[in-house]
Structure formats: structure tokens, C-alpha cells
Amino acid sequence: YRMSCKYCQDLCVKYVIREPRQLSRAIRIAHNALKEEIISEVTATKNCNQFTFTECAEQMIWGDIVDYHFACNHCGTTFVLGAETYHGSGGYWSPESEKPAEIIN
């Protein structure tokens with residue numbers, strides 16, 4: 001397991017999302033990191049998103065399933081922004097290696 005680098009260490013937190021306001025915040029943080037070229041979006045094998053991450057971030061819209069993946073441009077640490085908004089069961093932002101087991105389908 002790779003440790004994060006100085007560029008992405010601030011993103012290496014497990015942030016549990018329980019309400020839309022927290023999801024908006026996580027999206028904004030990821031979007032800023034993308035704009036600063038700290039991370040890049042990685043295409044997931046199965047894409048459940050109804051909107052691109054850019055649409056999601058710029059218009060603050062999202063589908064029933066939020067499942068965006070990112071990687072640090074400097075050290076390769078991967079991150080997940082995942083949520084199930086339809087049932088309101090919430091979600092998380094976290095380094096991929098630490099994503100909470102109970103949320104994985």
C-alpha cells in the first residue's frame with residue numbers, strides 16, 4: 001500500500017457523507033483538486049453515473065448512484081467518491097484502499 005504524497009495528503013481522509021450538503025462539499029473538494037491538477041479522474045470499469053463528474057461539480061446535480069474515481073497525478077494514490085442518493089443511505093470520500101467494507105456491494 002502506497003502512502004500518499006505531499007500533494008494528495010490532504011485528500012487522504014475518510015469523509016463519511018450522510019446528507020446532500022456533505023456530498024456537495026466532497027464534490028467541491030474533489031473538483032478543486034482536479035482544477036489544481038493534483039488528481040485526475042479515472043474511468044471506472046462499470047460506470048453507474050448519470051452525469052459526468054464535471055457536470056456534477058459545475059451544476060451540483062447527481063444521479064441515484066454516485067461513483068467517481070480519481071488518482072493522484074504525483075504518486076498514484078486512488079480515491080473514491082461514492083454515494084447512493086436514491087435510498088439516502090449516504091456515501092463517502094476515501095482513499096480506495098480504505099473504503100469502508102460495509103458500502104461495497
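The following exercises, each with a worked solution, concern a predicted model of a protein.

**Exercise 1. Overall architecture**

Determine how many helices and strands the protein has, and in what order the elements run.

Solution. Step one is the count: the protein contains two helices and five strands. Step two is the order, which from the N terminus reads β-α-β-α-β-β-β. The protein has 105 residues, of which 38% count as buried. Among contacts with a separation of 6 or more, 50% are made by residues 24 or more positions apart.

**Exercise 2. Helix H1**

Compare the span of helix H1 with the expected span, then state which of its residues are buried and what covers them.

Solution. Begin with the length: H1 covers residues 20-35, which is 16 residues. From the first C-alpha to the last, H1 reaches 22 Å, close to the 22 Å expected at 1.5 Å a residue. Next, list the buried positions of H1, which are Leu-23, Ser-24, Ala-26, Ile-27, Ala-30, His-31 and Ala-33. Then identify the cover. The elements over the buried residues of H1 include strands S1 (15-17), S2 (39-42), S3, S4 (78-84) and S5 (90-95), together with helix H2. Last, look just past the end of H1, where Glu-37 takes a positive phi of about 60°.

**Exercise 3. Aromatic pairs around Phe-53**

Classify the ring pairs that Phe-53 forms with Tyr-68 and with Phe-70, and decide whether these residues are buried or exposed.

Solution. Pairing requires ring centres within 6.5 Å, and planes over 60 degrees apart count as edge-to-face. By this rule there are four aromatic pairs. In one of them, Phe-53 and Tyr-68 lie 5.1 Å centre to centre with 70° between the planes, and the pair is therefore edge-to-face. This pair joins distant parts of the chain, as Phe-53 belongs to helix H2 (residues 53-59) and Tyr-68 to strand S3 (residues 65-72), 15 residues apart.

Burial follows from the cut-off of under 20% relative accessible area. Phe-53 is buried because its relative accessibility is 0%, and Tyr-68 is buried at 3%.

For Phe-53 and Phe-70, the centres are 5.0 Å apart and the planes stand at 75°, so this pair is edge-to-face. Because Phe-53 lies in helix H2 and Phe-70 in strand S3, the pair ties together parts 17 residues apart in sequence. Phe-70, at 0% relative accessibility, counts as buried.

To complete the picture, ring pairs link Phe-53, Tyr-68, Phe-70, Phe-79 and Trp-93 into a cluster.

Terms used: Residues are numbered from 1 along each chain as its sequence is written. This is a predicted model: local features need pLDDT of at least 70, side-chain atom pairs count only at pLDDT 80 or more; totals for chains, interfaces and linings use all residues. Side-chain values use heavy atoms; hydrogens and water are left out. Rings of Phe, Tyr and Trp (its six-membered ring) pair if their centres lie within 6.5 Å; planes under 30 degrees apart count as stacked, over 60 as edge-to-face and the rest as tilted. Helices (H or I, at least four residues) and strands (E, at least two) are DSSP runs, numbered from the N terminus. Buried means under 20% relative accessible area, exposed over 50%, partly exposed in between (1.4 Å probe, protein chains only). The expected span of a helix is 1.5 Å times one less than its number of residues. Contact means heavy atoms within 4.5 Å.
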